Amino acid sequence: MDDRATAPAPTVPDRPRRGLITAAAGGAALAALPRFAIGQGAWPNKPVRVIVTNPPGGLTDAYARQYGEALSRKFGQPFIVDNRGGAGGTIAADALAKSAPDGYTIMVAIQTPMWNGRVLYRSLPYDPDKAFAPISLFPAGALIFAVHAGLPVKTPDEYVAWAAKNPAAIGTYAAGSWPHMIADTWNRTRNLKFDVIHYKGEPPMWVDVASGQVSGGLGSFQAMRAHIERGTIRPIAAVGQRRSPRLPDLPTFVEQGHKDPIFALDGWLPMVAPAGTPEEIQKKLADAVVEARQDPKIQQLHETFGIPNGPVGLAEARQRWKDEAPQWVTLADRLGIKLD
């Protein structure tokens with residue numbers, strides 16, 4: 001809403017009607033231009049803010065920073081990361097939803113605030129069906145479930161059997177996230193009583209798994225790597241359809257007989273813009289993200305996290321968003337998780 005006072009229209013002398021028609025036509029032409037093109041020049045001509053749903057240290061933040069650097073080099077403007085963790089990503093998502101749809105604010109996020117959140121929360125400060133425009137989807141890769149190394153377990157079945165006889169807690173990198181739903185799945189299908197402890201990102205979660213404060217957690221290989229090398233945590237399974245290239249001898253949950261859909265899905269970390277962001281900007285961003293996959297620094301990022309595939313372009317992101325979001329929503333709804 002424009003808060004400026006409305007001044008009385010000035011008195012102007014009569015002009016030929018042709019001049020009025022020309023002026024009106026010019027005004028109509030200006031109105032038809034995309035909002036970002038009027039008085040701003042070609043996009044981007046100033047820094048772009050990249051909101052992230054998680055604190056520094058995990059895969060979501062790494063994607064935002066490394067791809068942001070590549071986009072900065074391509075477009076000649078800084079892409080500045082703004083970490084806004086907490087509340088299952090809804091704090092960050094709300095900030096994006098309230099931003100101008102001009103291409104100068106985007107977000108790299110976990111799925112929760114845009115997909116699962118509509119059933120995880122009784123109310124949200126934004127409409128997840130209308131607030132966001134998917135730009136690209138970054139692959140989450142084969143996330144790893146690991147336990148405290150002092151536990152006498154080496155497989156998911158052994159872990160579940162141990163948890164049936166001992167107080168047990170699972171850490172998650174956000175409320176409503178993948179590990180949260182895994183814990184709830186075991187509680188529901190195996191009649192267990194896992195406590196679920198939510199953290200603001202992966203690093204503090206793995207510190208507590210390594211110390212035995214919580215018994216297990218799920219996350220990216222790189223975030224847990226130092227703890228694996230110290231021998232303080234033990235990987236026992238990978239989610240998704242493929243093994244992690246960084247732990248090729250570690251079987252997936254599916255290979256180990258866990259057939260519930262939550263163990264078989266391949267996850268994504270979406271890059272989104274506010275709904276209404278001009279199509280031209282969405283296309284430029286998506287094309288640049290796909291192109292950046294060939295950058296040596298980006299290739300190293302994917303190798304470090306053990307993720308062989310890269311982000312998808314605009315058309316595929318929109319199609320996968322349409323096809324796969326309902327699956328995650330259904331899983332969250334079936335489990336009956338409520339976070340407020």
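**The terms and their grounds**

Author: In this predicted model, strand β1 (residues 48–52) pairs with β2 in the parallel sense, over five bridges.

Reader: What makes β1 and β2 a pair?

Author: Two strands pair if at least two bridges are found between them. β1 and β2 share five bridges, so they count as a pair.

Reader: In what order do the strands of the open sheet with β2 and β1 stand?

Author: This open sheet has five strands in the order β2-β1-β3-β10-β4, and the pairing is mixed. From one strand to the next, the twist averages 25°.

Reader: Why are β2 and β4 called edge strands?

Author: β2 (79–83) and β4 (132–139) each pair on one side only, and are the edge strands.

Reader: Which helices lie across strands of this sheet?

Author: Helix α2 (residues 59–75) lies across β1, β2, β3 (105–108), β4 and β10 (268–274), and runs at about 160° to β2. Helix α3 (residues 90–97) lies across β1, β3, β4 and β10, at about 155° to β3.

Reader: Why are α2 and α11 described as roughly antiparallel?

Author: Helix α2 and helix α11 (residues 296–305) pack at an angle of about 170°, and their axes are 10 Å apart. Angles over 145 degrees count as roughly antiparallel, and α2 and α11 are therefore roughly antiparallel to each other. Among the residues that make the contact are Leu 59, Tyr 63 and Arg 73 of α2, and Ile 298, Leu 301 and Phe 305 of α11. By class, this contact has seven nonpolar, two polar and three charged residues.

Reader: What makes β7 and β9 the edges of their sheet?

Author: Five strands form this open sheet, in the order β7-β6-β8-β5-β9, with mixed pairing. β7 (195–198) and β9 (233–238) each have a single partner strand, so one side of each is left without a neighbour in the sheet. Neighbouring strands are turned by 25° against each other on average, direction ignored.

Reader: How many bridges join β5 to β9, and which residue stands opposite Val 147?

Author: Strand β5 (residues 144–148) and β9 run antiparallel and are joined by five bridges. Opposite Val 147 stands Arg 234 in β9. Helix α8 (residues 221–230) packs on this sheet, touching β5, β8 and β9, and its direction makes about 145° with that of β9.

Reader: Why is the meeting of Asp 61 and Arg 65 called a salt bridge?

Author: The side chains of Asp 61 and Arg 65 meet at 2.9 Å, N to O. The cut-off for a salt bridge is 4 Å, so the pair qualifies. Both residues lie in helix α2, four residues apart, about one turn of the helix. The structure holds 17 salt bridges.

Note on methods: Residues numbered from 1 in each chain as written. Predicted model: local features only at pLDDT ≥ 70, side-chain atom pairs only at ≥ 80, totals over all residues. Heavy atoms only, no water. Helix = DSSP H or I, 4+ residues; strand = E, 2+ residues; numbered from the N terminus. Axes fitted to C-alpha atoms, helices over the stretch in contact; angles between N-to-C directions. Contact = heavy atoms within 4.5 Å. Parallel < 35°, antiparallel > 145°, perpendicular 65-115°, else oblique. Nonpolar A, V, L, I, M, F, W, Y, C, P; charged D, E, K, R; others polar.
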